[in-house]
Amino acid sequence: MPSASLHARNLTLALGDAVLLDDVELQLSPGWRMGLVGPNGAGKSTLLRVLADLQDLDAGAVSLSPPDATVGYLPQEPDRSEHETVEDFLRRRTGVAAATAEFEAATAAMAAGESGADDRYSQALERWLALGAADLDGRVGPVWAELGLAPRLRAQSMATLSGGEAARVGLAALLLAQFDIFLLDEPTNDLDLDGLARLESWVGMSTSPLLLVSHDREFLRRTITHVAELDEFRHQVSVFAGGWDAFLAEREVAARHAQERYDAFADKKSALLGRGQREREWASQGVSKAKKKGDDNDKHIKSFKMNSSEQLAGKAARTERALERLDVVDKPREAWQLRLSFGETARSGDVVVRLAGAVAHNGDFTLGPVDLTVNAGERIAIVGHNGAGKSTLLDLVLGRRNLDEGTRWFGPGVVVGELEQRRLQLTEEHTLLRSFMETTALDRSEARTLLAKFGLGAAEVDRRTVSLSPGERTRAVLAVLMAKGTNCLVLDEPTNHLDLAAIEQLEVALDAFAGTVLIITHDRALLEAVNLTRTITVDAGRVSG
């Protein structure tokens with residue numbers, strides 16, 4: 001297959017009353033690694049689905065060159081199905097499952113002598129081979145070993161995997177895929193530092209056109225060649241060449257110039273309005289005085305004054321015409337920003353929790369023995385590879401699982417506020433508003449007001465919580481943490497599903513929070529921004545730091 005490219009023209013799409021895309025143009029060329037950015041809800045995931053031909057358009061078209069190029073769309077999949085094995089997941093995500101089904105159907109059609117079956121069979125076979133179906137099983141083994149995944153996992157249900165295992169299986173599917181064009185939605189979510197390094201290496205070596213949505217600023221800085229920004233007001237895409245840092249610098253300059261153009265327009269408009277008003281007032285006053293002044297018997301003087309007043313009126317008319325000819329510059333619109341702070345209760349005791357000789361067994365895996373004391377006010381990062389035991393350690397610290405050995409002691413007055421990795425706090429069948437009111441004990445008015453501050457308005461609060469997007473659920477849980485007092489924040493991958501502006505607000509809120517913070521994150525920029533007191537490392541069930 002020669003180098004592929006994608007060209008989107010005049011893409012227009014509205015879902016209900018919400019316009020998501022308005023005459024969008026976008027091109028992906030060989031060697032381009034493009035980051036797609038924009039606030040949550042702007043339509044980034046929808047645009048990926050449109051480009052993958054999975055979402056109907058109101059207008060516009062997406063063309064491929066060559067026309068039979070394969071496009072791989074790998075969406076966010078926060079929920080793992082108990083009805084799909086890991087093996088089936090790999091075949092689906094690499095496109096092999098669909099290609100195999102079509103190949104088998106084409107073979108049956110040809111055996112039955114159906115019209116056009118020869119061409120269908122030829123195309124199906126070519127696609128099946130292009131996607132690497134023939135040697136997929138042979139390629140899985142080396143990738144599996146490279147990522148440290150146990151062979152037994154391939155036969156397990158996806159629902160049985162830990163978060164770390166699921167993240168590595170998702171990465172394996174990406175490394176095994178042989179699409180001509182890649183569309184990736186949040187590929188960095190839940191990956192540990194080793195997984196991020198492997199993903200960065202894969203993206204950096206890829207010559208296939210690639211468009212990805214990510215809120216990992218360091219990942220974007222290291223990998224992309226272009227940035228496509230989806231504007232939430234114009235619903236159009238602007239493309240910037242030169243990578244992440246160049247985009248940030250160019251966007252800042254563009255924003256400054258836009259403000260300067262508006263300020264110059266506003267000043268000129270104000271000056272013309274003021275001058276026109278003065279000229280009209282002077283002309284009106286001059287005519288009135290000239291007509292009323294009885295002691296002015298010289299008709300020449302009276303005529304001169306009348307003419308002067310008429311000249312002022314002419315000037316006022318010319319000023320009005322200048323105002324009409326003035327090129328209008330719209331005021332730059334400011335995007336909605338999350339204003340986040342964490343509600344705080346009274347300080348806890350000096351010791352938040354103490355583990356002594358703590359051991360937890362989970363099948364063949366053992367965590368511990370762990371000797372750990374968390375003091376009030378500490379800001380601790382828990383780091384380690386996926387599957388090393390970070391979540392198990394968190395369960396022990398929070399008392400969510402019993403110890404198989406050792407002791408655990410909670411300090412007095414500890415009030416935990418948690419943002420857990422899979423965002424399951426608000427996933428009932430109730431509406432978001434009802435669940436939020438029950439969780440926070442706020443009345444309807446207070447609940448709606450607070451949710452609105454987190455970008456969850458009338459369109460979201462009456463939806464069932466299970467229907468919310470991962471980003472919407474994340475903001476809803478952050479709203480809970482703001483409403484309920486806490487003195488011990490526990491944040492597991494808090495930047496997942498948040499847009500870049502919200503991540504920056506999270507950093508500000510963490511800096512202002514006076515209580516204890518336990519944070520699990522692989523977001524390198526966040527780790528640098530948070531003022532940590534220490535880092536705890538979990539490695540193969542052993543805890544240090």
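Predicted model: local features only at pLDDT ≥ 70, side-chain atom pairs only at ≥ 80, totals over all residues.
On a 1 Å grid laid over the protein atoms alone, a cavity is a set of points where a 1.4 Å probe fits but cannot get out, and its lining residues have an atom within 4 Å of a point. Grid points are joined across faces, edges and corners, and a volume is the space filled by probe spheres set on the points. Residues are numbered from 1 along each chain as its sequence is written, and side-chain values use heavy atoms, with hydrogens and water left out.

By this rule, 3 cavities of 30 Å³ or more were counted. The largest cavity holds about 110 Å³ of space. Its lining comprises 13 residues, of which Thr-188, Asn-189, Asp-216, Thr-495 and Asn-496 are the closest to its centre. For the description of linings, Ala, Val, Leu, Ile, Met, Phe, Trp, Tyr, Cys and Pro count as nonpolar, Asp, Glu, Lys and Arg as charged, and the others, Gly among them, as polar. On this basis the lining of the largest cavity divides into 2 nonpolar, 6 polar and 5 charged residues.

Asn-189 lies in the loop between β6 (181-185) and α7 (193-205); helices (H or I, at least four residues) and strands (E, at least two) are DSSP runs, numbered from the N terminus. Asn-189 counts as buried because its relative accessibility is 13%, where buried means under 20% relative accessible area, exposed over 50%, and partly exposed in between (1.4 Å probe, protein chains only). Leaving aside neighbours within four places in sequence, Asn-189 is in contact (heavy atoms within 4.5 Å) with Gln-76, Asn-496 and His-497.

The second largest cavity has a volume of about 40 Å³. Its lining is made up of 9 nonpolar residues, with no polar and no charged ones. Among the lining residues are Val-352, Val-397, Phe-410, Cys-488 and Leu-518. At least two residues of this lining are supplied by each of β10 (351-362) and α11 (390-398).

In soluble globular proteins, nonpolar side chains tend to be buried together. A nonpolar core is here a set of buried Ala, Val, Leu, Ile, Met, Phe, Trp, Tyr and Cys residues joined through side-chain atoms within 4.5 Å. The largest such core contains 49 residues, of which Leu-90, Trp-144 and Val-169 touch the most other members. Helix α6 (residues 163-176) provides the largest share of this core, 8 residues. With neighbours within four places in sequence set aside, the contacts of Leu-90 are Val-140, Trp-144, Val-169, Ala-172, Ala-173 and Leu-176. Another core, of 34 residues, lies apart from the largest one and includes Ala-381, Leu-419, Phe-454 and Leu-489.

Backbone geometry was also examined. The peptide bond from Ser-65 to Pro-66 is cis, with omega near -5°, and Pro-66 is located in the loop between β4 (59-65) and β5 (71-74). A cis peptide bond also runs from Gly-368 to Pro-369, with omega near 5°; Pro-369 belongs to strand β11 (residues 365-375). Asp-23, although not a glycine, has a positive phi of about 60° and lies in strand β2 (residues 18-28). Asp-23 counts as partly exposed because its relative accessibility is 37%. His-235, likewise a residue other than glycine, has a positive phi near 60° and is placed in the loop between β8 (226-230) and β9 (237-241). With a relative accessible area of 17%, His-235 is buried.

Conventions. 1 Å grid on protein atoms, 1.4 Å probe; cavity = no way out; pocket = protein on both sides within 12 Å on 5 of 7 lines; lining within 4 Å.
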